Amino acid sequence: MNGTDEAAVARNEIVQVARSLFDRGLATGSSGNLSVKLGDGTMLVTPTNASLGRLDPERISHLAADGALLEGDAPSKEAFLHRAIYAARPQARGIVHLHATYSAAVSCMDGLDADSCLPPLTAYFVMKIGALPLIPYHRPGDEALTSTIERLAPDHDAMLLANHGPIVSGPTLRAATDAIEELEETAKLFLLLRGSDTRPLNEDQIAELARAFAQSAAARHRNGSCT
Ligand SMILES: [Zn+2]
């Protein structure tokens, strides 16, 4: 696939994934942003103030590796988060950021473990997300977030921005989308279970997942590698 075809496929995939997220209420208004890193190191990212339900593939922002706009509309104010993650995780090729309700609700809670702010309630959360760090609150667009992202992203596909929402990367846009949906469902379970005695997976069960699914988030976090 040449670069033009690759970009055309990625534009259409961004439109389809974004519309699906919007149609299922995982993105509302003009919130949320998606990106794909292309083989030449440039990035396609959803434009600022664009509804994920009504994207035009031709108006998606195309940014150079240094963030300069090559074509399309002005990018999301949060495009710098995507650039910081791609710089820290060379294997990442797709990123999804949402203000999804249950994850955003958890991001507003006091007393969370900043290193792992959702418990390992299910095997799929452990395999797709693993440890979920909480990033302290910054106003939208505050580029001071970059240094925290650069520190955490090498070891984490997924991070939760306090009083804001999750951002998740993956080897493809579809993989990042599957993972952020698992995160949102786990946040929903976590909130449903508040006040109930719960039984998260224990260390042995998490270790077994790491052994059985060597490419999973569980294995990456246990081994301390960022592949
Ligand atoms: Zn946001």
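Modeller: Let us begin with helix 7 (residues 203-212), in which Ile206, Ala207, Leu209 and Ala210 are buried. This is a predicted model, in which local features need pLDDT of at least 70 and side-chain atom pairs count only at pLDDT 80 or more, while totals for chains, interfaces and linings use all residues. Residues are numbered from 1 along each chain as its sequence is written, and side-chain values use heavy atoms, with hydrogens and water left out.

Colleague: What puts these buried residues on the same side of helix 7?

Modeller: Ile206, Ala207, Leu209 and Ala210 cover an arc of only 155° around the axis, and therefore they lie on the same side of helix 7; the arc is that of the directions from the helix axis to the C-beta atoms. On the other side of helix 7, Asp204, Arg211 and Ala212 are exposed. A helix here is a DSSP run (H or I, at least four residues) and a strand is one too (E, at least two), numbered from the N terminus.

Colleague: Why is Glu78 called buried?

Modeller: Buried means under 20% relative accessible area, exposed over 50%, and partly exposed in between (1.4 Å probe, protein chains only). Glu78 has a relative accessible area of 8%, so Glu78 is buried, and His164, with 13%, is therefore buried as well.

Colleague: What makes Glu78 and His164 donors of the zinc ion?

Modeller: Donors are N, O and S atoms within 2.8 Å of the metal (3.2 Å for Na, K and Ca), and water is not among the atoms, so sites may look incomplete. The protein donors of the zinc ion are Glu78 (OE), Glu78 (OE), His97 (NE2), His99 (NE2) and His164 (NE2), lying 2.0 to 2.6 Å from it. Glu78 lies in the loop between strand 4 (69-71) and helix 2 (79-88), and His164 in the loop between strand 7 (158-161) and strand 8 (165-170), so that this pair, 86 residues apart, links distant parts of the chain.

Colleague: How do you know that Asn202 caps the N-terminal end of helix 7?

Modeller: A polar contact is a pair of N or O atoms within 3.5 Å; within protein, one must be able to donate a hydrogen and the other to accept it, and residues adjacent in sequence count only if both atoms are side-chain atoms. A side-chain oxygen of Asn202 lies 3.1 Å from the backbone nitrogen of Asp204, and Asn202 caps that end of helix 7.
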